[in-house]
Amino acid sequence: MSLRRATTSLSSLVILTLVIAGCGGGSSSSESTASSASGTTVSGGEVSGLGNVLVDSEGLTVYEFGKDTGTTSTCFGACEQSWPPVIVKGKPTAGEGATASALGTTKRKDGSLQATYAGHPLYTFAGDTEPGEATGNESEAFGGKWSAMDESGEAVAGTATESEETESSSGGYGY
């Protein structure tokens, strides 16, 4: 009986640990959902169908949120789960295709610093998983429009398309 009880207790502990890990440990900090880096670089990157857009250090497209007022973010809670803010520990740097003087930061209500470009707080999109994607461009969510940005800080219109490389590696048969 004690072996069965020990096995059941161990199984329960493993399940509880997995549940807690899957829930992020119950933390409500935006740091756990945000794109975060101490040396964030914003640069230009190519997105098929859109052309050159701004990307973060990992090559993911960054977006502006039309509902934001100036440098003040209005994306919190469920919004920041889908549109993680680009959180920085210091001033972001400009890579090729970005203008250094357009980069800055804004303080979020939780005290963290969010990167800005041309006065717009920057976000990534949870639906974009690889460089070259901009699946959130021109979408309407959380009361505003989401737009990829060009080097001048202007919204980029259009819909991203799959590149030839993505299309050929997406499981097509190639007949």
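**Entry 1**

I count two strands as paired if DSSP finds at least two bridges between them. With that settled, I opened this predicted model and went to Y63, which stands opposite A148 in strand 11. Y63 belongs to strand 4 (residues 63-65), and three bridges join strand 4 to strand 11 in an antiparallel run.

Next I looked up the other pairing of strand 11. I found strand 10 (residues 139-141) beside strand 11, antiparallel again, with three bridges. E140 has K145 of strand 11 as its bridge partner. Two residues lie between the strands of this hairpin, and I noted that F142 takes a positive phi near 60 degrees there.

Is strand 11 enclosed or open to the outside? I checked residues 144-148: four of the five are buried, so strand 11 is largely enclosed by the rest of the structure.

**Entry 1: W83**

I then moved to W83, which I found in the loop between helix 2 (78-82) and strand 5 (86-88). Is W83 buried or exposed? I read a relative accessible area of 1% for W83, and under 20% counts as buried, so W83 is buried.

Which residues does W83 touch, leaving out those up to four places away in sequence? My list reads Y63, C75, Y123, T124, F125, G136, S139, A141, F142 and W146. I also took the C-alpha separation of W83 and G136: 9.2 Å, for two residues 53 places apart along the chain.

**Entry 2: the aromatic rings**

For rings, I keep one thing in mind: a pair of aromatic rings is described by the distance of the centres and the angle of the planes. Counting ring centres within 6.5 Å of each other, I get seven aromatic pairs.

Which residues make up the aromatic cluster? I wrote down Y63, F65, W83, Y123, F125 and W146, which form one cluster.

I made one more ring check, on F76. K109 lies over the face of F76, at 4.2 Å from the ring centre.

Last, I traced an open sheet of three strands, ordered 3-2-6, with mixed pairing. Strand 3 (51-55) and strand 6 (93-94) stand at the edges with a single partner strand each, so one side of each has no neighbour in the sheet.

How many bridges hold strand 2 (residues 41-47) to strand 3? I found five, in the antiparallel sense. In this pairing I saw V47 opposite G51 of strand 3.

Technical notes: Residues are numbered from 1 along each chain as its sequence is written. This is a predicted model: local features need pLDDT of at least 70, side-chain atom pairs count only at pLDDT 80 or more; totals for chains, interfaces and linings use all residues. Side-chain values use heavy atoms; hydrogens and water are left out. Buried means under 20% relative accessible area, exposed over 50%, partly exposed in between (1.4 Å probe, protein chains only). Contact means heavy atoms within 4.5 Å. Rings of Phe, Tyr and Trp (its six-membered ring) pair if their centres lie within 6.5 Å; planes under 30 degrees apart count as stacked, over 60 as edge-to-face and the rest as tilted. A charge sits over a ring if NZ of Lys or CZ of Arg is within 6 Å of the ring centre and within 35 degrees of the ring normal.
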